[in-house]
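Please examine the sequence and the three-dimensional structure shown here.

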Amino acid sequence: MSRGAVRTVRAGRRTVEVQRADKVLFPARDGDAPGHTKGDLVDYYRSVAPYLLPQVRGRPLMLERHPDGLDGPRFMQKNTPEHYPDWVTRAEMEKEGGTVRHTVCDDTATLVYLADQACLTLHRWLSRAERPHHPDRMVFDLDPSTDDFGAVRDAARLLGELLDELRLPSALMTTGSRGLHVVVPLDGRQDFDTVREFARDVADTLAAEHPDRFTTAARKKDRGDRLYLDVQRNAYAQTAVAPYTVRARPGAPVAMPVSWDQLDDPDLGPRRWTITDAVDQARTDPWGGVPRRARALGPARRRLDALRG
């Protein structure tokens with residue numbers, strides 16, 4: 001359907017109106033990838049929905065919106081506006097001194113509607129709305145202090161080996177920004193404090209083995225050129241960028257699941273895929289069912305304690 005003032009998009013059982021589909025959200029840059037419009041964003045999210053929705057369904061979201069594109073202001077939206085359609089799922093979540101009514105993306109129509117709202121990036125909770133204090137995902141954010149992606153590869157490889165030793169399945173994802181995420185599926189029995197403590201101990205173990213290369217120091221001034229093993233997202237109401245979501249950077253890069261074998265690909269980088277080719281990568285099932293292999297942390301905790309002496 002051609003772009004115009006209003007474009008109608010069929011999304012599952014619903015039809016969603018897209019306003020100003022020809023509005024440029026990602027301007028073309030000299031020597032960079034071509035620009036992309038809101039219509040391009042809508043088309044991408046509709047196409048990637050079968051792969052993205054299982055990663056966000058039932059989870060409270062923080063929405064990163066850029067109504068005027070990359071060159072305009074950014075809005076980090078937690079509370080769902082009253083004008084959102086009643087078929088968009090909401091989740092009322094506790095916060096200090098009150099509650100927040102988060103948007104939950106349960107279907108393709110919601111995904112398309114959020115794209116129409118110039119929501120570029122979905123940031124998901126690591127727990128589901130029905131059990132908000134018990135995460136079923138643990139995330140390690142490998143955040144480089146420099147643009148040396150080799151350090152990120154090394155950290156991912158060593159972390160993956162350590163998790164294998166602890167008999168925890170793990171999955172790898174480019175962030176679409178600077179680094180990589182390593183995601184561990186959990187069975188949801190442990191609370192956030194337990195999960196964060198375990199993640200911190202894993203990161204401390206790796207940093208202690210390679211003190212000149214990795215750090216768990218939260219303050220940038222204490223890191224030097226070392227890669228930061230960030231586990232701070234493993235907490236109530238904290239979020240991590242969702243798999244297959246678009247990042248607010250030139251060229252519209254995508255946070256993309258990859259297989260561990262792809263870590264050796266010389267072309268791999270944090271912004272390797274964009275909305276022009278990400279769906280092809282998604283179709284390869286790069287995680288191979290890892291998210292369904294959830295584990296309890298009790299046995300892994302005992303193995304980690306034995307390893308640490």
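## Basis of the report

This is a predicted model, in which local features need pLDDT of at least 70 and side-chain atom pairs count only at pLDDT 80 or more, while totals for chains, interfaces and linings use all residues. Residues are numbered from 1 along each chain as its sequence is written, and side-chain values use heavy atoms, with hydrogens and water left out.

## Salt bridges

Side chains of opposite charge can pair when their charged atoms come close. A salt bridge is defined here as a side-chain nitrogen of Lys or Arg within 4 Å of a carboxyl oxygen of Asp or Glu. The search of the whole structure finds 20 salt bridges. One of them joins Arg 213 to Asp 154, with the closest N and O atoms 3.1 Å apart. Arg 213 lies in the loop between helix H4 (192-209) and strand S13 (214-215), whereas Asp 154 belongs to helix H3 (residues 149-165), so the pair ties together parts that are 59 residues apart in sequence. Helices (H or I, at least four residues) and strands (E, at least two) are DSSP runs, numbered from the N terminus. Asp 154 and Arg 213 also belong to a network of salt bridges that links them with Arg 157 and Asp 264.

Arg 213 is partly exposed at 32% relative accessibility, and Asp 154 is partly exposed at 29%. Another salt bridge connects Asp 187 and Arg 189 at 3.0 Å, N to O. In this pair, Asp 187 is partly exposed at 28%, whereas Arg 189 is exposed at 64%. Asp 277 and Arg 272 meet in a salt bridge as well, at 3.5 Å, N to O. Asp 277 is partly exposed, with 24% relative accessibility, and Arg 272 is partly exposed, with 34%.

## Helix H1

Helix H1 (residues 38-56) has 19 residues, yet its end C-alpha atoms are only 21 Å apart, short of the 27 Å that a straight helix would reach. The expected span is 1.5 Å times one less than the number of residues. H1 bends by about 75° at Ala 49, and a proline, Pro 50, follows within four residues. The bend is the angle between axes fitted to the seven residues ending at a residue and the seven starting there.

At the start of H1, a side-chain oxygen of Thr 37 comes to within 3.3 Å of the backbone nitrogen of Gly 39. After H1 comes Gly 58, whose phi is positive, near 80°. The buried residues of H1 include Leu 41, Val 42, Tyr 44 and Ala 49.

A disulfide is a covalent bond between the sulfur atoms of two cysteines. With a cut-off of 2.5 Å between cysteine sulfur atoms, the structure holds 0 disulfides. Cys 105 is in no disulfide, and the nearest cysteine sulfur, that of Cys 119, is 8.7 Å away. Cys 105 is buried at 0% relative accessibility, and Cys 119 is buried at 2%.

## A buried aspartate

Asp 230 lies in strand S14 (residues 227-230). Asp 230 is buried yet has no salt bridge; the nearest side chain of opposite charge, Arg 233, is 4.6 Å away. Lys and Arg count as positive and Asp and Glu as negative, while His and the chain ends are not counted. The side chain of Asp 230 reaches the backbone nitrogen of Gln 232 at 2.9 Å.

Key:
Buried means under 20% relative accessible area, exposed over 50%, partly exposed in between (1.4 Å probe, protein chains only). A polar contact is a pair of N or O atoms within 3.5 Å; within protein, one must be able to donate a hydrogen and the other to accept it, and residues adjacent in sequence count only if both atoms are side-chain atoms.
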